[in-house]
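Here is a set of questions about the terms used for a protein model, each answered from its cut-offs.

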Amino acid sequence: MPDLHDVVDEIAEKMGQREDRGAVATYIPQLARVDPRHFGIAVATADGTLACAGDSEIPFSIQSISKVFTLTLALGVVGDSLWRRVGREPSGNAFNSIAQLELEKGVPRNPFINAGALAVTDVILSGHPPREALGEILRFIRFAAQDDSIFIDEAVARSEKATGFRNAALANFMKSFAVLQHPVDHVLGTYFHHCAIAMTCRQLALAGRFLAQSGRNPDTGFSLVSPERARRINALMLTCGHYDGSGEFAFRVGLPGKSGVGGGILAIAPGRASIAVWSPGLDAAGNSHLGRMALEILAHKMKWSIFGD
Ligand code: DON
């Protein structure tokens, strides 16, 4: 097996040289002005190795990657009854699509499209004012990463709110079907803030370790979730984590993964490693172009695809 540090260094160098970087998101200024030349990677393995290269220490907006952590928390709050409010099927649509929601009576296809993530956020609000729910989300991520410096970028949260008309439409639509139980502005405010969490690749790879290690946080030895729940979250990341690009991601990379419009991807090699990559340029489905390419090389070289060598 090649040395992980060598592979990670080589990938960062290769990605640094590529001209085809995709296009950065432009819907808010904080993302539009990020330099597309950034590339970072961090890999935290089950045996405790941490391999980082490139811009692995620069915080970026994790955006929809936060939906992995909110799903984990919501399952902790209501258990499997969550699946009465959110489906588990890939949508085959864009992350912010509204069309399916009408046909399916306000029940979102899965927890990773925006509609599903809004329903998940609504669950986390049960019994909490928004500020406390948000605190809980941030505490959970900090605990998983064992890093209290992880923060919410308030400027990003404000911009999300100022431009989030489609999310407002989705939330109002679900409210009309009583799929949301809390006030729409509470759900949206909490959602915009958890999307605005900023993390480095190193912090994100560390935060994802529980999914690679049957629910256990290796620093503390405590379980964040049961092995069964970790396995199921990974299954959803594989089938739904890249929206309408999920099939292509499974085909090329072969790992559960969750992307964000900030250009980050968290990928899990079950039993082996938690991996974070960041390159701000996106492909047509809104997933990091070089991030996916980097993961494809890594999974291939380390023979980590869940589908075999
Ligand atoms: O809901 C939105 O528009 C963003 N805050 C998050 C979207 C996102 O990251 C989609 N992923 N590619």
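The model is predicted: local features need pLDDT of at least 70, side-chain atom pairs count only at pLDDT 80 or more, and totals for chains, interfaces and linings use all residues. Residues are numbered from 1 along each chain as its sequence is written, and side-chain values use heavy atoms, without hydrogens and water.

Q: Why does His242 count as buried?
A: Buried means under 20% relative accessible area, exposed over 50%, and partly exposed in between (1.4 Å probe, protein chains only). His242 has 2% relative accessibility, so the residue counts as buried.

Q: Where does His242 lie, and with which residues is His242 in contact, leaving aside neighbours within four places in sequence?
A: His242 lies in the loop between α12 (227–240) and α13 (246–252); helices (H or I, at least four residues) and strands (E, at least two) are DSSP runs, numbered from the N terminus. With those neighbours left aside, the contacts of His242 are Phe249, Gly257, Lys258, Ser259, Ile265 and Asn287, where contact means heavy atoms within 4.5 Å.

Q: What puts the buried residues of α7 on the same side?
A: In α7 (residues 154–163), Val156, Ala157, Ser159 and Glu160 are buried. They cover an arc of only 165° around the axis, so they sit on the same side of α7; the arc is that of the directions from the helix axis to the C-beta atoms. Arg158, Lys161 and Ala162, on the other side of α7, are exposed. The buried residues pack against α2 (29–32), β3 (60–61) and α9 (184–195).

Q: What makes a set of grid points a cavity or a pocket?
A: On a 1 Å grid over the protein atoms alone, a 1.4 Å probe fits in a cavity but cannot get out, whereas a pocket is an open set with protein on both sides within 12 Å along at least five of seven lines; lining residues have an atom within 4 Å of a point.

Q: How many cavities of 30 Å³ or more are there by this rule?
A: The count comes to two. The largest cavity has a volume of about 70 Å³, and among its 13 lining residues Ser97, Gln100, Leu101, Arg109 and Ile113 are the closest to its centre. The second largest cavity has a volume of about 40 Å³. Volume here is the space filled by probe spheres set on the points, which are joined across faces, edges and corners.
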